[in-house]
Amino acid sequence: MLILFFTCLIVGSAFFVYLKVLSNNNLALVEQRDSLNLFIKEDVLNRERHREDVEILTEELIQKETVEAGELYIIARQFKVINEYELSAKVFGAIYSKFGAELDGDILAEYAQVLFLSKGRDFDESLNKLLDDALIKSPNNPSALTLKGLSILEKNQPEQTIKLWEKALQFLGTEQEKDNLKSLIETVKNQKN
């Protein structure tokens with residue numbers, strides 16, 4: 001009798017798992033999440049095997065009605081860390097369109113950085129507006145200050161660029177970042193003279 005009880009319990013559990021986890025395309029979702037984890041961990045050459053599943057999962061997550069900003073942010077950051085700037089920009093774009101007014105300047109600056117990199121390092125009106133919004137909310141964000149300075153440099157305003165970059169120096173985290181920006185400042189000063 002005890003064996004029959006455990007057999008029924010196991011069969012019932014398996015049926016429950018099938019209905020709740022494996023039905024309604026949940027198996028495909030599990031496979032897509034596995035692909036996302038592999039995509040993030042793989043090197044650039046091996047990522048392509050999982051790209052289609054990752055793009056589908058990303059789109060489904062973006063379209064999800066109950067998605068929270070934090071969920072999207074984690075994915076956007078993961079894509080950014082592995083230099084998948086177009087995917088990261090797509091997710092940051094969804095965050096911005098759904099939660100724009102609630103976002104702080106640091107997230108806006110991060111979105112601007114990813115957008116800049118995904119667009120081939122080209123500034124356009126939307127990117128400049130995003131940088132302005134980031135600096136309004138976080139006037140000391142070093143990424144936003146640095147990018148805004150670069151944008152202004154493209155408009156041939158080296159004095160303003162130097163001013164923004166010198167301000168950014170105060171807020172950079174590492175000596176290497178500071179040294180790199182100091183080098184850029186010196187280059188702009190030398191070209192100006």
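For these entries I took a pocket to be an open set of points on a 1 Å grid over the protein atoms alone, where a 1.4 Å probe fits, with protein on both sides within 12 Å along at least five of seven lines. Lining residues have an atom within 4 Å of a point. Grid points are joined across faces, edges and corners, and a volume is the space filled by probe spheres set on the points.

**Entry: the model.** I noted that this is a predicted model, in which local features need pLDDT of at least 70 and side-chain atom pairs count only at pLDDT 80 or more, while totals for chains, interfaces and linings use all residues. Residues are numbered from 1 along each chain as its sequence is written, and side-chain values use heavy atoms, with hydrogens and water left out.

**Entry: the largest pocket.** I read a volume of about 470 Å³ for the largest pocket. Of its 15 lining residues, Q113, P142, S143, T146 and L172 are the closest to the centre. I then looked up which helices contribute, taking helices as DSSP runs of H or I with at least four residues, and strands as runs of E with at least two, numbered from the N terminus. At least two lining residues come from each of α7, α9 (142–154) and α11 (175–192). Helix α9 gives the most, five residues. By class I found nine nonpolar, five polar and one charged residues in the lining; here Ala, Val, Leu, Ile, Met, Phe, Trp, Tyr, Cys and Pro count as nonpolar, Asp, Glu, Lys and Arg as charged, and the others, Gly among them, as polar.

**Entry: the chain.** I counted eleven helices and zero strands. For burial I used relative accessible area: buried is under 20%, exposed over 50%, and partly exposed in between, with a 1.4 Å probe and protein chains only. Of the 193 residues, 38% are buried. I took contact to mean heavy atoms within 4.5 Å. Of the contacts with a separation of 6 or more, 48% are between residues 24 or more positions apart.

**Entry: the nonpolar core.** I treated a nonpolar core as a set of buried Ala, Val, Leu, Ile, Met, Phe, Trp, Tyr and Cys residues joined through side-chain atoms within 4.5 Å. The largest one has 48 residues, and L36, L72, F79, V91, F92, I95 and L181 touch the most other members. Helix α7 (residues 105–118) supplies the largest share of this core, eight residues. Beyond four places in sequence, I found L36 in contact with V54, L57, I75 and F79.

**Entry: L130.** I placed L130 in helix α8 (residues 125–137). L130 counts as buried because its relative accessibility is 3%. Leaving out residues up to four places away, L130 touches Y96, L108, Y111, A112 and L115. I also read 9.2 Å between the C-alpha atoms of L130 and A144, which are 14 residues apart along the chain.

**Entry: the α5–α6 loop.** I located E84 in the loop between α5 (69–81) and α6 (85–99). At 11% relative accessibility, E84 is buried. Setting aside neighbours within four places, E84 is in contact with F39, R47, R51 and F79. N83 lies in the loop between α5 and α6, and is partly exposed at 49%. N83 has a positive phi, near 65 degrees, and is not a glycine.

**Entry: N156.** I found a positive phi of about 60 degrees at N156, again not a glycine. N156 is in the loop between α9 and α10 (158–169). With a relative accessible area of 65%, N156 is exposed.
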